[in-house]
Amino acid sequence: MKKLALSVFAIALLLGSSTIVKAQSYRTALGVGIDVGDGPTLGGPQVKHFFDNQNAGNAQVLFGDNVTLIGVDYSYNQPIRGARGLSWYVGIGPQLTFLNNNSIWFDDKHRDNHTHVAIRPAVGLEFKIPSAPLAFHFDWKPWWNLTHNSSFEPSRFTLGFKFTLK
């Protein structure tokens, strides 16, 4: 009986690990990111790269309404069992935001050029179309500004549309 239980456990472990390997079906993706919520809407190019099956880095440069954002994020990714191509992720990363003199954001009272440093956590979903080289993501990505009248903006979300590469 112990040998049977051990065999069943070993097979379940093997099947579970093969599901994880298959779940991350691309290594790198190039696309467009859109950052929306309270404040200006930003858009621009982004790239996501998996270092292994669960750990990925994402870099983006976003533009809009006299604002330029450069950011990088780390994310931990896991497939959702029973939903082929769908995964969840959590992550965090630093952002540099460059404002020009026509933009007021983060409750700034200044109207001069300056740079904001922020930390942005993220919680989201990504869907990789199994039969096509396309992926989409949606996440909640609040903005924790650390400079120039430090503030927290919880009402920020990002959308991404990516072309996946092997």
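**Notes on rings and a nonpolar patch**

1. Let me start with a charge and a ring: Lys48 places its charged end over the ring of Tyr89, at 5.0 Å from the ring centre. Please keep in mind that this is a predicted model.

2. Next, the aromatic pairs, of which the whole structure holds four. One of them is edge-to-face: the ring centres of Tyr26 and Phe50 are 5.3 Å apart, with the planes at 85°. This pair ties together distant parts of the chain, 24 residues apart, with Tyr26 in the loop between helix H1 (2–23) and strand S1 (28–37) and Phe50 in strand S2 (residues 42–50). Tyr26 and Phe50 are both buried.

3. Another pair is worth a look. Phe138 and Phe157 count as stacked because their planes are at 5°, and their ring centres are 5.9 Å apart. Here too distant parts of the chain are linked, since Phe138 belongs to strand S7 and Phe157 to strand S10, 19 residues apart. Phe138 is partly exposed, at 45% relative accessibility, and Phe157 is also partly exposed, at 30%.

4. Finally, the surface. Leu30, Val47, Phe127, Leu134, Phe136, Phe161, Phe163 and Leu165 make a nonpolar patch of about 640 Å². Strand S7 (134–140) and strand S10 (156–165) are the elements that give two or more residues to this patch, and S10 gives the most, with three.

5. Is Phe163 buried, partly exposed or exposed? Its relative accessibility is 43%, so Phe163 counts as partly exposed.

Conventions: Residues are numbered from 1 along each chain as its sequence is written. This is a predicted model: local features need pLDDT of at least 70, side-chain atom pairs count only at pLDDT 80 or more; totals for chains, interfaces and linings use all residues. Side-chain values use heavy atoms; hydrogens and water are left out. Patches are made of residues with over 30% relative accessible area and no salt bridge: like charges are joined within 9 Å, nonpolar side chains (Val, Leu, Ile, Met, Phe, Trp, Tyr) within 5 Å. Accessible areas come from the Shrake-Rupley method with a 1.4 Å probe; for residues, only the protein chains shown count as cover. A salt bridge is a side-chain nitrogen of Lys or Arg within 4 Å of a carboxyl oxygen of Asp or Glu. Helices (H or I, at least four residues) and strands (E, at least two) are DSSP runs, numbered from the N terminus. Buried means under 20% relative accessible area, exposed over 50%, partly exposed in between (1.4 Å probe, protein chains only). Rings of Phe, Tyr and Trp (its six-membered ring) pair if their centres lie within 6.5 Å; planes under 30 degrees apart count as stacked, over 60 as edge-to-face and the rest as tilted. A charge sits over a ring if NZ of Lys or CZ of Arg is within 6 Å of the ring centre and within 35 degrees of the ring normal.
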